[in-house]
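Here is a short report on one protein chain. Keep the sequence and the 3D view open as you read.

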Amino acid sequence: MSTPTSSVRVLVVGCGNMGASHAIAYSTIDGFEICGIVSTGKSKEVLNERLGGGYPLFNDLTTALQETKPDAVCISTYPDTHEAFAIQSLESGCHVFIEKPLADTVEGAERVVAAAEKAGKKVVVGYILRQHPSWEKFIEVAQGLGRPLVMRMNLNQQSHGYMWTVHRNLMKSLSPIVDCGVHYIDVMCQMTRTKPVQVNAIGARLTEEIPAGNYNYGQLQIRFEDGSVGWYEAGWGPMISETAFFVKDVIGPKGCVSIVAKNAGAAGKSDNVDSHTKTESLRVHYAPLDENDQFVQEDTWIDMQDEPDHQELCNREQRYFLKAIRENVDLTDHLQDAVNSLRIAFACDESVRTGQPVML
């Protein structure tokens, strides 16, 4: 058991894009010590070399847990392993950092939360936008626009090469609107702070390279109790359009706020991970008119200086994880929000498959 003065010994499980970023965070943050790296393939050797070498390498979690006896486990594997790996780690007495989604079913996510409570251990879910100052500002401005809100968001990715391989693997267990959508559903819930009551969604399978029951383009719509509505769109694959792939726009009675990512929105960046979190600037528009129906106030721009890049956001997530462990932070709301956003996303999935709206 780690004490406030000792390093938290962490086992890194999964060495892809996110796993590598979290491992880099552990290697640079005072308070963490990597005790082992786990993956089924060669990615662990690549990561080990990137970190300077010398870390114990393992092919499976069970052996790694037995041999390293870590204080914490970082799970950045594909979603269909999340539940089993998290519960095994918790039952081994470890705190858990887990990439979203928490599990690949709502029931699985609830089982992870129950296992955390039983073990008395911390579970932090990788909702990276919650660590982003620009997104916090975006939510804050949106909350001041009155009610109801209209929330329009998408993140389409014209993926090829390595990223298309990643997306095909993800789609063995989840659709794009579930995997990515949980982030933006979480944002919408923070903006409205009211109950979602109904979802409706559509989807299309645009390639034979994914399982027959799945789809690589989807769009979801949510109705909230206060009359607010939101939509989110996500498509993955080499056929996806890069026109208007990055829309983050919220409208209320008093005006609107939009993320304007001038650089990240440039052609050819839709499958670049760094561009997914870059906001660059917020444009705030004010609705009030004078007696001649002219705008009283010009639009204002909030330029986000020194924005954290993807690695710095991962560093911030891990600092929060360390704080949660050392200061015994109550994560009840954090985990409940993670389960709720997943529940909404899976309701959208159900709507795509049935062609019917789903009441929440």
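## Annotated regions

The UniProt record, an unreviewed entry, marks residues 144–236 as "domain: GFO/IDH/MocA-like oxidoreductase". In this predicted model, the end C-alpha atoms of residues 144–236 lie 33 Å apart.

## Two domains

The domain assignment also divides the chain. Domain 1 covers residues 8–125. Domain 2 is written in two pieces, 130–308 and 341–359. The C-alpha centres of domain 1 and domain 2 lie 28 Å apart.

## Where the domains meet

How many residues of each domain are in contact with the other? The count is 13 residues in domain 1 and 14 residues in domain 2. The size of an interface is often given as the accessible area lost when the parts come together. Between domain 1 and domain 2, the buried area is about 1100 Å². Carbon and sulfur atoms give 67% of it.

## Charges and polar contacts at the interface

The interface of domain 1 and domain 2 has two salt bridges across it. Look also for a salt bridge between the side chains of E110 and R343, with an N to O distance of 2.7 Å. Polar contacts between domain 1 and domain 2 come to three residue pairs.

Which helix gives the most residues to the side of domain 1 that touches domain 2? Helix α5, residues 106–119, does so, with three residues. The residues on this side of domain 1 divide into six nonpolar, three polar and four charged.

## K100 and its neighbours

The salt bridge count comes to 15. One of them joins the side chains of K100 and D179, at 3.2 Å from N to O. This pair links distant parts of the chain, 79 residues apart. K100 is in the loop between β5 (95–99) and α5. D179 is in helix α8, residues 176–179.

K100 has another feature to find. A cis peptide bond joins K100 to P101, with omega about -5°. P101 is in the loop between β5 and α5.

## Other backbone details

Which residues does the cis peptide bond with omega of about 0° join? They are R147 and P148. P148 is in the loop between α6 (133–143) and β7 (150–155).

Now turn to K69. Is its phi value positive or negative? The phi of K69 is positive, near 45°, in a residue other than glycine. K69 is in the loop between α3 (61–68) and β4 (72–75).

Notes
Residues are numbered from 1 along each chain as its sequence is written. This is a predicted model: local features need pLDDT of at least 70, side-chain atom pairs count only at pLDDT 80 or more; totals for chains, interfaces and linings use all residues. Side-chain values use heavy atoms; hydrogens and water are left out. Domain bounds come from an automatic or database domain assignment. Contact means heavy atoms within 4.5 Å. Buried area is the accessible area (1.4 Å probe) that two parts lose on being put together, summed over both. A salt bridge is a side-chain nitrogen of Lys or Arg within 4 Å of a carboxyl oxygen of Asp or Glu. A polar contact is a pair of N or O atoms within 3.5 Å; within protein, one must be able to donate a hydrogen and the other to accept it, and residues adjacent in sequence count only if both atoms are side-chain atoms. Helices (H or I, at least four residues) and strands (E, at least two) are DSSP runs, numbered from the N terminus. Ala, Val, Leu, Ile, Met, Phe, Trp, Tyr, Cys and Pro count as nonpolar, Asp, Glu, Lys and Arg as charged, and the others, Gly among them, as polar. UniProt positions are given in the numbering used here, feature names are shortened, and annotations may be inferred rather than shown by experiment.
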